[in-house]
Amino acid sequence: RDVLGSRGLGDVYKRQRNHVVMCHEMGCTLVALPAAGYRFEGWYTTDGYTQRLSSSTTYLYTPASNDASIFPKFTANTRPLDDEGTANCYIVPAPGQYSFATRKVSGSEVTGIARVDWIWATRVEGSETNELISDLSYGNGRISFTASTRKGNVLVAAFNDADEILWSWHIWMTDDPRTEEMRYAGGMTFLDRNLGAVNAVPGSANSAGVLYQWGRKDPFAGGDGEEDIYTADTEWTLARKTTVMNGEYEWRINYTESDRTMDYATANPTVMLGDYQGGTWLATADNGLWGAVKTEYDPCPPGYRVPEIDFGVDFTTDYSPQPGVSDMFLSGDTYGIVYTHEGRRHFWPLGGQRWGDMDRGCYTNLNFVGCYWTISFADNGCPLNFNIVDNGMIWHTGDSRWNTCHALSVRCCKE
């Protein structure tokens with residue numbers, strides 16, 4: 001990012017990076033030249049950039065003294081992630097500079113923001129630091145960051161003056177899952193991978209994605225194995241292995257009745273809210289947290305939402321093969337099935353679940369069952385999910401009734 005200075009005598013003085021130029025006492029013309037990937041914001045009186053003199057790249061400057069200073073401000077261009085609407089999750093398909101508005105799904109502004117920071121990130125090759133994003137900042141109602149070449153998931157949050165989390169957003173860094181979206185037999189169109197999955201390769205360890213308690217917008221990490229529900233202190237060991245936490249944050253489950261509120265859930269995105277009896281994580285159930293019209297707490301990226309149970313796949317309760325299931329992968333790091341329709345193929349992993357009942361948030365059943373949330377409900381008011389099991393080429397039951405305290409997979413459909 002360069003600044004050119006001219007005394008009007010044909011001599012041009014150029015200094016890079018530190019923006020220092022020689023200027024005649026009668027004045028000189030300054031020209032700001034933004035480097036590739038940057039834009040010019042203006043000329044300012046101090047390096048705090050509080051008082052702007054001009055927003056023009058060419059500025060006639062008369063110094064007030066021999067050692068007077070003027071400060072050009074350059075800002076990295078960012079790609080807006082919210083140009084197709086605001087959401088609780090944004091897809092980052094490539095390295096670069098990105099930004100999004102600090103707004104909820106409805107477009108309402110998150111107010112009272114004092115700072116922003118990351119909460120957790122996918123661990124990369126054993127690193128103890130966040131290798132996915134850097135240069136995280138807040139200004140003019142937008143969060144900006146630089147994405148690396150790494151793939152994974154990051155949760156970023158906005159804080160108030162009391163250092164409480166006001167809202168948080170899931171940054172999903174993966175090859176763009178929209179390019180291989182597929183229309184299913186029932187007419188609904190799905191992304192090619194689970195929410196939070198790094199890829200959609202059958203058998204890949206990175207295809208399972210993240211997990212959600214029904215109605216919550218923030219993801220929980222799964223793992224690359226199983227946590228023993230019968231042994232104390234094994235819960236969350238795989239989440240800690242596969243993610244890095246920022247500061248004092250930690251994965252845990254909380255059974256306190258008075259904390260089972262949406263306000264607490266929003267302010268504590270790494271805390272599962274449990275019910276010993278396997279019921280709802282909310283003290284008072286709310287079946288409107290996710291819906292056919294995208295809600296404030298929907299976890300999917302812009303243009304997508306959690307699906308209904310009836311999207312064109314015939315379910316069964318007798319373990320019989322299902323139309324459209326062309327392959328069953330029972331090898332590699334993550335088992336699953338391949339669903340085929342009109343020549344297109346999608347992999348559905350058996351990604352397991354985290355238990356929100358007396359099993360303390362343990363992660364189990366990887367490669368045994370894939371459990372997927374929907375926005376549909378059983379007659380008893382419990383949300384319906386569908387299960388994929390490892391008994392061959394099948395879709396299991398279409399009316400499995402799971403209570404909301406358990407964390408399951410999500411496959412987003414197009415709005």
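This tour goes from a sheet to aromatic rings, then to charges over rings and the nonpolar cores.

First, some housekeeping. You're looking at a predicted model, where local features need pLDDT of at least 70, side-chain atom pairs count only at pLDDT 80 or more, and totals for chains, interfaces and linings use all residues. Numbering starts from 1 along each chain as its sequence is written, and side-chain values use heavy atoms, with hydrogens and water left out.

**Stop 1: a sheet.** Select S5, S4 and S7: in that order they make an open sheet of 3 strands with antiparallel pairing. Strands here are DSSP runs of E, at least two residues, and helices are runs of H or I, at least four, numbered from the N terminus; two strands pair if DSSP finds at least two bridges between them. S5 (52-54) and S7 (71-76) each have a single partner strand, so one side of each has no neighbour in the sheet. Now pick S4 (residues 38-44), which 6 bridges join to the antiparallel S7.

**Stop 2: ring pairs.** A search of the whole structure finds 23 aromatic pairs (rings of Phe, Tyr and Trp, using its six-membered ring, with centres within 6.5 Å; planes under 30 degrees apart are stacked, over 60 edge-to-face, the rest tilted). Phe40 and Trp43 form an edge-to-face one, 5.4 Å centre to centre with 65° between the planes. Both Phe40 and Trp43 are buried (under 20% relative accessible area; exposed is over 50%, partly exposed in between, with a 1.4 Å probe and protein chains only).

Jump to Trp214 and Phe377: their ring centres are 5.4 Å apart and the planes sit at 70°, so this pair is edge-to-face too. It links distant parts of the chain, with Trp214 in the loop between strand S18 (212-213) and helix H1 (237-242), and Phe377 in strand S28 (residues 369-377), 163 residues apart. Trp214 is buried at 1% relative accessibility, while Phe377, at 29%, is partly exposed.

**Stop 3: charges over rings.** Show Arg115, which lies over the face of Phe159 at 4.0 Å from the ring centre. For this, NZ of Lys or CZ of Arg must be within 6 Å of the ring centre and within 35 degrees of the ring normal. Arg216 does likewise over Trp281, at 5.5 Å.

**Stop 4: the cores.** Leu195, Trp281, Trp290 and Val410 touch the most other members of the largest nonpolar core, which has 50 residues. Such a core is a set of buried Ala, Val, Leu, Ile, Met, Phe, Trp, Tyr and Cys residues joined through side-chain atoms within 4.5 Å. S28 gives the largest share, 4 residues.
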